[in-house]
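This briefing covers a sheet, a helix packed on it and a pair of helices elsewhere in the chain. The sequence and structure come first, and the notes follow by topic.

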Amino acid sequence: MNIKPMLAALRGVTAYKDVLSRPVMECALRLTTCAAQRDGLGGLEAYTDLFYQLRVEGQPGLGQWLGEALRWSEGPYPMLVQRGDRDPALEQAAKLDISAFELLASVDCDKWLGHLGKLLDSDYQGVLTGLPRWQRGVPFTFDSLTEAYREEGAGQFARYRAFVWDNGALIPVAHPDCPSSDQLLGYNDQRSEVERNTRALVEGRYVNNVLLYGESGTGKSATVKHLLALPGMDELRLIEADKENLGGLPALIRKLEGRRQKFIVFIDDLTFDRDDPTYSVLKTILEGGVERRPQNVAVYATSNRRHLVRQTISERAGDELDRSETIREKTSLADRFGVRILFQSLNKTEFLALVDLLACQNGITLDREELHGQAVAWERFHGAQTPRTALQFILSL
């Protein structure tokens, strides 16, 4: 096993520095360094740490882990290929890096343990024999990785479709809650309008921000999340942010410009109190400042209030001279959404028709008149005539 040349190759990694900085590779580098410097105890500790980190990340072998890390790297070479650009020097560096990683992944665990056995005294031989092994294999090549970057993109935005913005960090959501068409009840016209705007975004056009407002329980949030489940939306990404966590979003949105993916920044249940400090942050997000909002980003928000900002009776009554200006300022935020879609409560006929549909889907065999009577009584005490109330009533039977 040519340890020193392998260590030199790994120390010379240039294009994939982000992969080297991760815990698994830190352990692998430490193992290689200790082996090259004939540090048996250090090598033993590094070997066990490496096995532990591989299992923490759910990978059976170092090659499999490297394949994933390289595939979803956000280093300069994957980003270059994703954009369709060329840089011969960077391309050559990436080739050398991947050759070094291939060499590392091809080393069998028995070779590592055999080498460490020569550096440790006999007291450690039993320990070495009983140590677990990770799988050997090299499931990646420079050409296969380059083709994947070119065809499918690179980085976390290629790997995941939904994210949560939390305290300045973008957290991927591996399994987002995306309701299917069958799970959405009513409001077809409203959903179609949201879909039209979103398809224009995916097609690369500059689109309006969208405000979905109205009665609670009408499916406003589900309408937005459902977009990820629609055909033809493969390049759409959803970033959900709480109103309290809007700080830092303008900088994130700036970084999204130029990406091949299209992004919806989704703010659910949006309402501002008077003098809320995040009010001005959202105004900046919606229209930018000196900078224009990137063409591949749109803001979608839901609210139970048409004007988003709570107004007091005194503001309406006019205890200041510029009462009309105060009101206009409070209502101007909603006007920054070019598409505003109202989700009203269902009328009684629509509500009972929805109850009938849900009863049929759930195998409820009550007499229709009795079913309707119970549904009206449930609605009177448990909520408005909305899809949520209808579903809750059916689940109570």
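In strand β6, Val297, Val299, Ala301 and Ser303 point one way while Ala298, Tyr300 and Thr302 point the other way, and all are buried (under 20% relative accessible area; exposed is over 50%, partly exposed in between; 1.4 Å probe, protein chains only). The model is predicted: local features need pLDDT of at least 70, side-chain atom pairs count only at pLDDT 80 or more, and totals for chains, interfaces and linings use all residues. Residues are numbered from 1 along each chain as its sequence is written, and side-chain values use heavy atoms, with hydrogens and water left out.

- β6 is mostly covered, with seven of its seven residues buried.
- Strands (E, at least two residues) and helices (H or I, at least four) are DSSP runs numbered from the N terminus.
- β3 (residues 210-214) runs parallel to β6 (residues 297-303), and four bridges join them; two strands pair if DSSP finds at least two bridges between them.
- Leu211 stands opposite Ala301 in β6.
- Five bridges pair β5 with β6, also in the parallel sense.
- Opposite Tyr300 in β6 stands Phe266.

**The sheet**

- The sheet is open and has seven strands in the order β2-β1-β4-β5-β6-β3-β7, with mixed pairing.
- β2 (169-173) and β7 (339-343) are at the edges with a single partner strand each, so one side of each has no neighbour in the sheet.
- From one strand to the next, the twist averages 20°.

- Thr198 lies in α12 and is buried, at a relative accessible area of 0%.
- Leaving aside neighbours within four places in sequence, Thr198 is in contact with Leu227, Met233, Leu236, Ile264 and Tyr300.
- The Thr198 side chain reaches the backbone oxygen of Val194 at 2.8 Å.

**Helices α5 and α7**

- The axes of α5 (residues 62-71) and α7 (residues 88-105) come within 9 Å and cross at roughly 155°.
- That makes α5 roughly antiparallel to α7 (over 145 degrees; under 35 is roughly parallel, 65 to 115 roughly perpendicular and the rest oblique).
- Leu62, Gly63, Leu66 and Leu70 in α5 meet Phe101, Leu104 and Ala105 in α7.

Terms used
Axes fitted to C-alpha atoms, helices over the stretch in contact; angles between N-to-C directions. Polar contact = N/O pair within 3.5 Å; in protein donor to acceptor, adjacent residues only side chain to side chain. Contact = heavy atoms within 4.5 Å.
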